[in-house]
Amino acid sequence: SGKTDWKRSLGDTLGNDYEVILPDMPNKTNAKYAEWKIWFEKFIPYLNPEVVLVGHSMGGVFIVKYLGEEKFPKKIRATLLVAAPYDMDENRELAEFVLPSSLKQFESQGEKIFLYHSKDDPIVSFTEFKKYQNGVKNAVSRTFTDRGHFNQDSFPELVEDIKNL
């Protein structure tokens, strides 16, 4: 869609102290973990240490799986997961994106972890958020009642959390 969304405007809202890299992941409608992994790894050399990772929806579960299975070569300052599915997406199992049974490695690499979810999300059920809360003990949780799947122009709370790191 041509309209702004908070991910595309993140560079502007965060300001000049931040550089935002927003990889357009391949095949979003039929996401394949292996393809996303190859694509994501192309960007790693360009990331600064103290990187902040933000994943929305499938991007969120991708980051959790990736950090749960791979050794990330740079220091991560924080990982922010927005409306991330845990093991279900619209009643389909996330076959390609099955998370490791323990999120300990993800947690140890994710540094500060923030979880954002809205109770009225029509795409990723709020119960998925609860699973993340159970799996990632020291995460900061931000819950909303009226944001749906966070397809919105701006996301001031997330911007604030990044600026306050």
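Which pattern does the chain follow when read along the sequence? In this predicted model, the order of elements is α-α-β-α-β-β-β-α-β-α-β-α, made up of six helices and six strands. Helices (H or I, at least four residues) and strands (E, at least two) are DSSP runs, numbered from the N terminus. Residues are numbered from 1 along each chain as its sequence is written, and side-chain values use heavy atoms, without hydrogens and water. Local features need pLDDT of at least 70 and side-chain atom pairs count only at pLDDT 80 or more, whereas totals for chains, interfaces and linings use all residues.

The radius of gyration, taken over C-alpha atoms, is compared with a globule rule of 2.2 Å times the number of residues to the power 0.38. For 165 residues, a compact globule would have a value near 15 Å, and the chain agrees, with 15 Å. Along the principal axes, the C-alpha atoms fill a box of roughly 40 × 35 × 35 Å. Contacts (heavy atoms within 4.5 Å) with a separation of 6 or more are 78% accounted for by residues 24 or more positions apart.

Burial was assigned from relative accessible area: buried means under 20%, exposed over 50%, and partly exposed in between (1.4 Å probe, protein chains only). On this scale, 45% of the 165 residues count as buried. The accessible surface of the chain, from the Shrake-Rupley method with a 1.4 Å probe and with only the protein chains shown counting as cover for residues, comes to about 8,900 Å², and 50% of this belongs to carbon and sulfur atoms. Glycine 11, found in helix H1 (residues 10–14), is partly exposed at 28% relative accessibility.

Lys and Arg count as positive and Asp and Glu as negative, with His and the chain ends not counted; each charge is placed at NZ of Lys, CZ of Arg, CG of Asp or CD of Glu. The chain has 22 positive and 25 negative side chains, and the centres of the two sets lie 3 Å apart. Side chains of opposite charge can pair when their charged atoms come close. With a salt bridge defined as a side-chain nitrogen of Lys or Arg within 4 Å of a carboxyl oxygen of Asp or Glu, the count comes to eleven.

One of these joins lysine 37 to glutamate 70, with the closest N and O atoms 3.9 Å apart. Lysine 37 lies in helix H2 (residues 33–43) and glutamate 70 in the loop between helix H3 (58–69) and strand S2 (76–82), so the pair ties together parts 33 residues apart in sequence. Lysine 37 is partly exposed at 22% relative accessibility, as is glutamate 70 at 23%.

Arginine 147 forms a salt bridge with aspartate 146, the closest N and O atoms being 3.9 Å apart, and another with glutamate 157, at 2.5 Å. Arginine 147 lies in the loop between strand S6 (140–144) and helix H6 (156–163) and glutamate 157 in helix H6, so this pair ties together parts ten residues apart in sequence. Aspartate 146 is exposed, at 58%, whereas arginine 147 is partly exposed, at 22%. Glutamate 157 is partly exposed, with a relative accessible area of 26%. Elsewhere, salt bridges that share partners join Lys37, Glu41 and Glu70 into one network.
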